[in-house]
Amino acid sequence: MSFLHKKADNDAAGHVSAAEEVHDTSTGTMEDVEAVMKKYDRESNVRVWEGIPGQVIRWLMAGFSLFCLYLTLFDKSLPEKRLTLFLGLIIIIGYLNFPMRKNHVKPNSVPWYDVIIMVVGAFPFFYFAFNAQDILLKSYNQLSKDPFMLTIAIIGILALVELCRRSVGVPILCVVGLLLIYTFANVRFGKVIYDLFYTTNGLMNTPVNVCQKYIVVFIIFGAFLERTGISNFFIQLANCIAGKYAGGPAKVAVISSALCGMVSGSSVGNTVTTGSVTIPMMKDTGYKPEFAGAVEAASSTGGQIMPPIMGAAAFLMADFVGVPYSNIIVRAILPALLYFTGIFISVHLEAKKLGLSGIPKEKLPVFKLLIRKIYLLLPLVMLVIWVSGNYMTMQKAASYAIVLSVIVSLFDKENRISVTKCIDALEAGGRGVISVAVACGVAGIISGSITMTGLANDLINGIISVANGKLIIALLLTMLCCIVLGMGVPTTANYCIMAATCAPILVRMGVPTLAAHFFVFYFGIVADITPPVALAAYAGSAIAKANPMKTAFTASKLAIAVFIVPYVFCFNPAMLLIDTTPLKVVQIFITSLIGVFGLSSSLEGFLSVKMSVPVRVLMAAGGLMLIDPSLMTDVVGILLIVGCCVWQTAQKKKTA
């Protein structure tokens with residue numbers, strides 16, 4: 001899923017035009033970037049429409065976006081009617097955009113079998129939508145024993161699953177397939193089909209409902225926001241802030257990817273688009289290819305946990321946990337700062353170790369000129385104010401932000417939004433909705449299967465039994481489950497799966513509900529850079545022309561904070577501002593920051609000078625001890641880290 005659609009026009013995303021200047025054989029060209037997108041990002045494998053058919057599809061997508069806005073803002077009909085109508089339209093536009101096999105597409109062509117699948121697959125949803133009141137009055141026995149109703153339900157589910165394979169990928173379907181096999185083995189066939197299609201426990205579960213109510217309008221907002229040139233503004237702003245310092249390009253990558261990634265909603269997409277600029281810059285400065293690709297992948301992945309947008313999962317989390325959206329983004333600030341601080345520390349130490357310099361001053365953007373475009377941030381700022389202050393619903397806030405993005409663009413000659421660009425934005429928004437809605441629908445199948453079979457309860461009891469009352473063991477096992485289940489799964493569906501399967505484990509172990517959901521969300525996201533299925537890292541390695549597995553391991557090392565911070569807020573929820581005081585928050589943040597510093601420097605093997613193995617072990621031990629919130633472990637951990645720092649300083653003086 002992509003809030004900032006990844007295939008923007010050059011005039012809408014200045015970083016793409018910059019990437020076109022990359023011709024060095026040691027880095028990926030624009031052709032390489034497109035190849036990477038097609039290989040790792042399913043959303044880029046779309047049909048090619050040209051001429052009159054292209055215009056028809058373009059207006060169809062724009063019309064779909066407008067209809068989604070209408071459903072979100074004004075439609076008051078039954079949820080079952082609204083959601084099935086939404087899914088039916090998703091089936092139509094989905095099959096018009098995504099071919100059966102990637103890279104086997106002729107312009108303006110849709111095979112006859114895709115037309116049949118599209119029409120037959122959409123029919124069950126439209127039939128349900130237009131007969132919702134009558135269908136809802138029928139009992140389970142009436143529907144499950146009616147051959148026609150049972151058949152259309154099966155067809156609708158299969159059509160959505162196939163579209164998921166085309167637009168999202170196979171990994172999530174592996175999870176779905178295993179769960180369905182288990183479900184059919186334990187529950188009556190008719191009952192399974194009935195629950196998955198005709199109730200809100202399946203396809204129309206919370207994920208699709210949240211997608212249709214909230215996420216759609218934010219995707220469209222992101223498409224409009226992109227046309228204002230905000231991505232290029234973020235990159236240039238990061239250059240002004242950090243470009244001149246040691247290893248400047250890598251620090252630019254961290255900042256710009258955090259800013260762009262928070263609204264992109266796609267680790268892979270953000271790695272490719274932003275990385276097409278930052279990775280060549282890092283390599284030119286002197287960073288190794290695998291390090292350059294890893295920095296971009298880790299930073300882009302971290303964008304999913306960066307408030308205020310946090311991809312799309314923040315909206316889902318608010319609905320799952322039952323707290324306001326503003327509550328989620330405020331509590332996400334400290335963990336996100338620690339995550340990016342950890343990457344920043346590693347990048348800085350690597351630059352010092354290699355003796356790298358920053359970007360020459362004459363090549364940096366002029367801050368006085370750049371700051372004149374600060375108004376580009378106004379739509380984002382106002383969106384946060386409107387939502388956080390509860391002045392209006394999230395849907396209305398995003399709608400007003402769309403209008404505001406059009407207004408602010410009028411002050412920029414280079415990126416002024418015209419009628420044509422408005423249609424472009426609506427088209428991009430409509431296309432961006434497809435994979436998100438499909439992933440949410442399939443996540444509903446997963447959730448429904450788990451609910452019907454009681455599998456979630458079995459998993460919870462199993463892990464609690466193995467943990468034997470030890471929270472650290474339950475956290476470790478839950479972490480492994482999240483990483484495995486999250487491999488190759490988009491952000492939105494990823495969190496839905498984790499919320500249904502893994503979060504209840506921690507809640508039963510006494511972890512606050514919000515902390516449990518943050519824990520599983522973080523470790524689901526980190527699957528994008530964790531071997532063996534580290535899609536974001538592989539995308540970064542393709543641009544950097546580096547070894548994919550080395551890049552993935554390096555990215556995991558750089559993102560060490562995300563492997564530590566979730567444990568901190570489970571042991572001490574003060575980091576998430578739960579039942580705490582300002583003093584406790586400051587204390588936990590400082591000790592966590594010191595711990596992240598210790599681990600990052602240990603993994604880099606460098607501080608003032610190269611570290612010996614014993615010093616690295618002590619630094620790592622000190623960092624790990626700061627996970628536990630008790631006073632004794634904090635004191636010992638800080639003493640170990642401070643002692644190692646003093647030793648490093650002494651060694652530097654001795655060497656000099």
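Lys191 lies over the face of Tyr140, at 5.5 Å from the ring centre; a charge is said to sit over a ring if NZ of Lys or CZ of Arg is within 6 Å of the ring centre and within 35 degrees of the ring normal. This is a predicted model, in which local features need pLDDT of at least 70 and side-chain atom pairs count only at pLDDT 80 or more, while totals for chains, interfaces and linings use all residues. Residues are numbered from 1 along each chain as its sequence is written, and side-chain values use heavy atoms, with hydrogens and water left out.

- Asp195 is buried, with a relative accessible area of 7%, whereas Lys191 counts as partly exposed at 30% relative accessibility; buried means under 20% relative accessible area, exposed over 50%, and partly exposed in between, with a 1.4 Å probe and protein chains only.
- Tyr140 belongs to one aromatic cluster together with Phe125, Phe128, Tyr194, Phe197 and Tyr198.

**Aromatic pairs**

- A search of the whole structure finds 28 aromatic pairs, and rings of Phe, Tyr and Trp (its six-membered ring) pair if their centres lie within 6.5 Å, with planes under 30 degrees apart counted as stacked, over 60 as edge-to-face and the rest as tilted.
- One of the pairs is formed by Tyr522 and Phe569, which are edge-to-face at 5.8 Å centre to centre, with 85° between the planes.
- This pair links distant parts of the chain, since Tyr522 is in helix H27 (residues 513–525) and Phe569 is in helix H30, 47 residues apart, and both Tyr522 and Phe569 are buried.
- Phe523 and Tyr567 form another edge-to-face pair, at 5.9 Å centre to centre and with 75° between the planes.
- Here too distant parts of the chain are linked, with Phe523 in helix H27 and Tyr567 in helix H30, 44 residues apart, and both Phe523 and Tyr567 are buried.

**Salt bridges**

- Side chains of opposite charge can pair when their charged atoms come close.
- By the rule for salt bridges, the count comes to 13.
- Arg227 forms a salt bridge with Glu226, the closest N and O atoms being 2.6 Å apart; Arg227 is buried, with a relative accessible area of 4%, and Glu226 is buried as well, at 2%.
- The side chains of Lys373 and Asp412 meet in a salt bridge of 3.4 Å, N to O.
- Because Lys373 lies in the loop between helix H19 (367–370) and helix H20 (378–388), and Asp412 in the loop between helix H21 (394–409) and helix H22 (419–453), this pair ties together parts that are 39 residues apart in sequence.
- Lys373 is partly exposed, with a relative accessible area of 23%, whereas Asp412 is buried, with a relative accessible area of 4%.
- A network of salt bridges links Arg47, Asp114, Glu162, Arg165 and Arg166.

**Loop residues with positive phi**

- Asn108 has a positive phi of about 60° although it is not a glycine; Asn108 is found in the loop between helix H4 (79–97) and H5, and counts as partly exposed at 34% relative accessibility.
- Asp579, which is not a glycine either, has a positive phi of about 45°; Asp579 is found in the loop between helix H30 (560–571) and helix H31 (582–604), and counts as exposed at 76% relative accessibility.

**The chain as a whole**

- The protein chain has 33 helices and 0 strands.
- Its radius of gyration is 25 Å, close to the 26 Å that the globule rule gives for 656 residues, so the chain is as compact as a globular protein of that length; the radius is taken over C-alpha atoms, and the globule rule is 2.2 Å times the number of residues to the power 0.38.
- Of the 656 residues of the protein chain, 61% count as buried.

How values were computed: Helices (H or I, at least four residues) and strands (E, at least two) are DSSP runs, numbered from the N terminus. A salt bridge is a side-chain nitrogen of Lys or Arg within 4 Å of a carboxyl oxygen of Asp or Glu.
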